[in-house]
Amino acid sequence: MSAELSALPHPDFSRTERVPGAAKEDPILVADGVTRTFGGVRAVDVGHLEVPRHAITALIGPNGAGKTTLFNLLTGFDRPDGGTWTFEGRRVERLGAARLARAGMVRTFQLTKALSRMTVLDNMRLGAKDQLGERLGPALVPWMWSGREAEVTARATELLARFKLDTKMNDFAGSLSGGQRKLLEMARALMTEPKMIMLDEPMAGVNPALTQSLLGHITDLRDRGMTVLFVEHDMHMVRHISDWVVVMAEGRIVAEGPPRSVMNDQAVVDAYLGSHHDTDLGDDALLQDQPETEQRGS
Ligand SMILES: Nc1ncnc2c1ncn2[C@@H]1O[C@H](COP(=O)(O)OP(=O)(O)O)[C@@H](O)[C@H]1O
Ligand SMILES: [Mg+2]
């Protein structure tokens, strides 16, 4: 990694309006009028969204709010009914997942996609190829070219060491714990050196013992200059690591702001406490600060 750690200024949101669709000083992703309907259900209906560069943005909201669907649309894994979005100023709504990965935007999945009966190292190699697409990869990403297999392996090894999975390199991915699979998925997404990474519920199924390390890895991504957008139910985590929070309910963005102010916002309270009692955002989490050392497992 060539990025200089901590050389980047901490993201500053003091001049950002705390409203849905708020303009950001330097957005890396800008979406307009994005809609997706399943049967009669409008799963996503996002008027305007700007994702700030070099920051960690949390996307929160009750189950069924449309968070995963929005991720699928923005990352080219699903097609919208309507809408446009730009990444790095370039219109990308027609690009598929492979071309978006090439442009620097990758994602991980709510349910990990590590292949159990393949080694950790092979998951890294294949995962990268997967992200980039079989056809586009070899021609356009030099290190993916088969003649440069050693470089692929070197990058995979370096990333596995960073995520403390190097000792598991030759083990089947199926032998990893839930948390280690999450780390593997994150490491695999980084094979393509993305500018922006979207994490769908990175903490789901992670043993509390790995929670702190996962949090550290996510803030490290920002400190290395990447932009992070993540979906998470665990409000301790959201409060602890996010710079900015976007709230979705019934497909729409209903609130935005810094973590502390958003969690006291009436629209957020309504979104969670309406008909949805299955999230772990309780009254206490809304109304008072939790000790930061107390991490909730999931
Ligand atoms: N492939 C699909 N087919 C039909 N309905 C879907 C599909 N994916 C999501 N939905 C519906 O869209 C809504 C949003 O779902 P989702 O994006 O998974 O929410 P979240 O990730 O916020 O929990 C839900 O009502 C869900 O049932
Ligand atoms: Mg989801």
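Begin by selecting helix α1, in which K67, T68, T69, L70, F71, N72, L73 and L74 are buried. The model on display is a predicted one. Because 8 of the 8 residues of α1 are buried, the helix is largely enclosed by the rest of the structure.

**The shell around ligand 1**

Next, display ligand 1 and the residues around it: F38, V41, A43, G61, N63, G64, A65, G66, K67, T68 and T69. Two or more residues of this shell come from each of β2 (41-52) and α1 (67-74). Which element gives the most to the shell? It is α1, with 3 residues. Colouring the shell by residue class shows 4 nonpolar, 6 polar and 1 charged.

Return to β2 and select H54, which lies in the loop between β2 and β3 (56-60). Most residues other than glycine have a negative phi. H54, although not a glycine, has a positive phi of about 60 degrees. Is H54 buried or exposed? H54 counts as buried because it has 20 C-beta neighbours inside 10 Å, and 20 is the number at which a residue is counted as buried.

Now select the largest nonpolar core, which has 74 residues. The residues with the most contacts inside this core are A187, I197, V228 and V247. Strand β9 (residues 244-249) gives the most to the core, with 6 residues. In soluble globular proteins, nonpolar side chains tend to be buried together.

Centre the view on V247. Which residues are in contact with V247, leaving aside its neighbours within four places in sequence? They are I60, G61, I253, V254, A255, E256, V262, A267, V268 and A271. Another, A255, is the bridge partner of V247 in β10.

**The β9-β10 hairpin**

Strands β9 and β10 run antiparallel and are joined by 5 bridges. Together they form a hairpin with 2 residues between them. Select E250 in the loop between β9 and β10; its phi is near 50 degrees, a positive value in a residue other than glycine. E250 counts as partly exposed because it has 17 C-beta neighbours inside 10 Å.

**The whole chain**

Of the 298 residues in the chain, 43% are buried. Among contacts in the chain between residues at least 6 apart in sequence, 71% join residues at least 24 apart.

How values were computed:
Residues are numbered from 1 along each chain as its sequence is written. Chains are lettered from A and ligands numbered from 1 in the order in which they are written. This is a predicted model: local features need pLDDT of at least 70, side-chain atom pairs count only at pLDDT 80 or more; totals for chains, interfaces and linings use all residues. A residue is near a molecule or strand if its C-beta atom, placed from the backbone, lies within 6 Å of it. Helices (H or I, at least four residues) and strands (E, at least two) are DSSP runs, numbered from the N terminus. Ala, Val, Leu, Ile, Met, Phe, Trp, Tyr, Cys and Pro count as nonpolar, Asp, Glu, Lys and Arg as charged, and the others, Gly among them, as polar. A nonpolar core is a set of buried Ala, Val, Leu, Ile, Met, Phe, Trp, Tyr and Cys residues joined through C-beta atoms within 7 Å. A residue is buried if 20 or more other C-beta atoms lie within 10 Å of its own, exposed if 12 or fewer, and partly exposed in between; C-beta atoms are placed from the backbone. Two residues are in contact if their C-beta atoms, placed from the backbone, lie within 7 Å. Two strands pair if DSSP finds at least two bridges between them.
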